[in-house]
Amino acid sequence: MNTYYTIEEKYLQAIDKISYGKTPKALKLLNEIISNDPLYARAHHQLGMIYYYEIKDYQTAGYHFKTCMELEPSFPDNYTHYLDLLVFLNMEKLVNTISTKALNTQGADTAGIYDLLGLFYEKNKQWTKAQEAYQKAFMEVTDNKEKADIEMSLNRVRSKMKQTLAYTYQITE
């Protein structure tokens with residue numbers, strides 16, 4: 001007896017498989033969805049998540065995150081993970097573009113976006129920009145654990161800023 005599922009039912013099955021740690025089965029279902037409906041943005045998002053966090057295939061993850069964003073630009077969940085990948089890969093031009101889009105998307109994790117921007121600037125030794133981004137993240141955050149993490153990031157950047165201050169010496173006669 002054949003059981004026929006709608007695309008949405010298959011998608012929910014895939015999400016269920018992911019939540020129970022059955023990534024291979026979820027991957028199979030999501031690929032079936034994409035082969036039947038290549039424009040199903042949320043399947044691309046979940047594939048991006050699997051390829052980024054589980055398989056560590058960053059090029060394929062980027063493809064799926066980007067495809068999801070192009071197909072459904074108002075889907076806020078995609079931006080944080082896509083931006084995380086871009087910061088990890090240190091892709092400056094895309095970090096700037098995607099963060100701007102994310103900050104203009106209803107429902108996007110604003111604190112998370114600013115936090116990732118702070119991390120990007122910190123990795124690139126742009127201390128002032130990193131501090132500004134972390135301060136914006138601090139003002140947006142609503143979760144106590146995330147708040148503590150951002151405070152630690154701010155302290156870390158301040159410490160680095162102090163370490164790189166130039167000393168001026170004057171010779172007096």
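1. A nonpolar core is here a set of buried Ala, Val, Leu, Ile, Met, Phe, Trp, Tyr and Cys residues joined through side-chain atoms within 4.5 Å, where buried means under 20% relative accessible area, exposed over 50%, and partly exposed in between (1.4 Å probe, protein chains only). The largest such core has 42 residues, of which L30, L83, V95, I98 and L117 touch the most other members. Helix α7 (residues 110–123) gives the most to this core, with 7 residues; helices (H or I, at least four residues) are DSSP runs numbered from the N terminus.

2. The structure is a predicted model, in which local features need pLDDT of at least 70 and side-chain atom pairs count only at pLDDT 80 or more, while totals for chains, interfaces and linings use all residues. Residues are numbered from 1 along each chain as its sequence is written, and side-chain values use heavy atoms, with hydrogens and water left out.

3. V95, one of the core residues named above, is in contact (heavy atoms within 4.5 Å) with L83, L86, V87, L117 and F120, once its neighbours within four places in sequence are left aside.

4. A search of the whole structure finds 8 aromatic pairs, where rings of Phe, Tyr and Trp (its six-membered ring) pair if their centres lie within 6.5 Å, and planes under 30 degrees apart count as stacked, over 60 as edge-to-face and the rest as tilted. The rings of Y52 and Y53 have centres 4.4 Å apart and planes at 45°, so this pair is tilted. Y52 counts as buried at 7% relative accessibility, whereas Y53, at 33%, counts as partly exposed.

5. Y52 also forms a tilted pair with F88, at 6.5 Å centre to centre and with 55° between the planes. This pair links distant parts of the chain, since Y52 lies in helix α3 (residues 41–55) and F88 in helix α5, 36 residues apart. Ring pairs link Y52, Y53, Y58, F65, Y82 and F88 into a cluster.

Key. Helix = DSSP H or I, 4+ residues; strand = E, 2+ residues; numbered from the N terminus.
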